[in-house]
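Student: I would like to go through this structure by question and answer. Where do we begin?

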Amino acid sequence: NLETGNEERTLRGHKGSVCAVAVTSDGKHIVSGSEDKTIKVWNLDSGKEKGTLVGHTKAVLAVAVTPDCKHIVSGSRDNTLKVWNLDTQKEERSFKDHSDCVRTVAVTPDGKRVISGSEDKTIKVRNFHSGEEERTIA
């Protein structure tokens, strides 16, 4: 609790270090990415695990949630950027155009673009809806 400084709860479930966390804009869910190659979705109020998303082959280093709370974007040490449906918890798209691990991901406030940063020293800007890469910033 930011007002009191007291810890409200500890969420346990990953089998490896937690590398990334994000909160949905509606404040209902926490999304976490881990060295165990999974993404977990948690109910913020209850602290209960809502599901585990499996698809990355190496550690999940970055997670973000779209402003409409419908999708999760993840980046991994497996060099991929993935888009997941938050409701069905299924992978919808995967992109492997970085040549090294994806360290950070973000979604623009309007939900139209996904940005990824990689150890390959590039930032890629992608159209969220079409999946097309718009530009690479080196």
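Tutor: We begin with a term: contact means heavy atoms within 4.5 Å. Keep in mind that the model is predicted.

Student: Leaving aside its neighbours within four places in sequence, which residues is Thr80 in contact with?

Tutor: The cut-off is heavy atoms within 4.5 Å. With neighbours within four places in sequence left aside, the residues in contact with Thr80 are His56, Ser74, Gly75, Ser94, Phe95, Lys96 and Val102.

Student: Does Thr80 count as buried or exposed?

Tutor: Thr80 is found in the loop between β6 (71–76) and β7 (81–85). Buried means under 20% relative accessible area. Thr80 has 7% relative accessibility, so the residue counts as buried.

Student: With which side chain does the side chain of Thr80 make a polar contact?

Tutor: A polar contact is a pair of N or O atoms within 3.5 Å. The distance here is 3.1 Å, and the partner of the Thr80 side chain is the side chain of His56.

Student: Why does Ser76 count as buried?

Tutor: Ser76 lies in strand β6. Leaving aside neighbours within four places in sequence, its contacts include His56, Lys58, Cys101 and Val102. Ser76 counts as buried because its relative accessibility is 0%.

Student: In the open sheet of four strands, which strands stand at the edges?

Tutor: The order is β9-β10-β11-β12, with antiparallel pairing. An edge strand has a single partner strand, so one side of it is left without a neighbour in the sheet. From one strand to the next the twist averages 15°. The edge strands are β9 (102–107) and β12 (133–137).

Student: What is the bridge partner of Gly117 in β11?

Tutor: Strand β10 (residues 113–118) and strand β11 (residues 123–127) run antiparallel and are joined by five bridges. The partner of Gly117 in β11 is Ile123.

Student: How many aromatic pairs does a search of the whole structure find, and over which ring does the charged end of Arg93 sit?

Tutor: The search of the whole structure finds zero aromatic pairs. Rings do have charges over them: Arg126 lies over the face of Phe95, at 3.9 Å from the ring centre. The charged end of Arg93 is 5.0 Å from the centre of its ring, and that ring belongs to Phe128.

Conventions:
Residues are numbered from 1 along each chain as its sequence is written. This is a predicted model: local features need pLDDT of at least 70, side-chain atom pairs count only at pLDDT 80 or more; totals for chains, interfaces and linings use all residues. Side-chain values use heavy atoms; hydrogens and water are left out. Rings of Phe, Tyr and Trp (its six-membered ring) pair if their centres lie within 6.5 Å; planes under 30 degrees apart count as stacked, over 60 as edge-to-face and the rest as tilted. A charge sits over a ring if NZ of Lys or CZ of Arg is within 6 Å of the ring centre and within 35 degrees of the ring normal. Helices (H or I, at least four residues) and strands (E, at least two) are DSSP runs, numbered from the N terminus. Buried means under 20% relative accessible area, exposed over 50%, partly exposed in between (1.4 Å probe, protein chains only). A polar contact is a pair of N or O atoms within 3.5 Å; within protein, one must be able to donate a hydrogen and the other to accept it, and residues adjacent in sequence count only if both atoms are side-chain atoms. Two strands pair if DSSP finds at least two bridges between them. Axes are lines fitted to C-alpha atoms, for helices over the stretch in contact, and angles run from 0 to 180 degrees between N-to-C directions.
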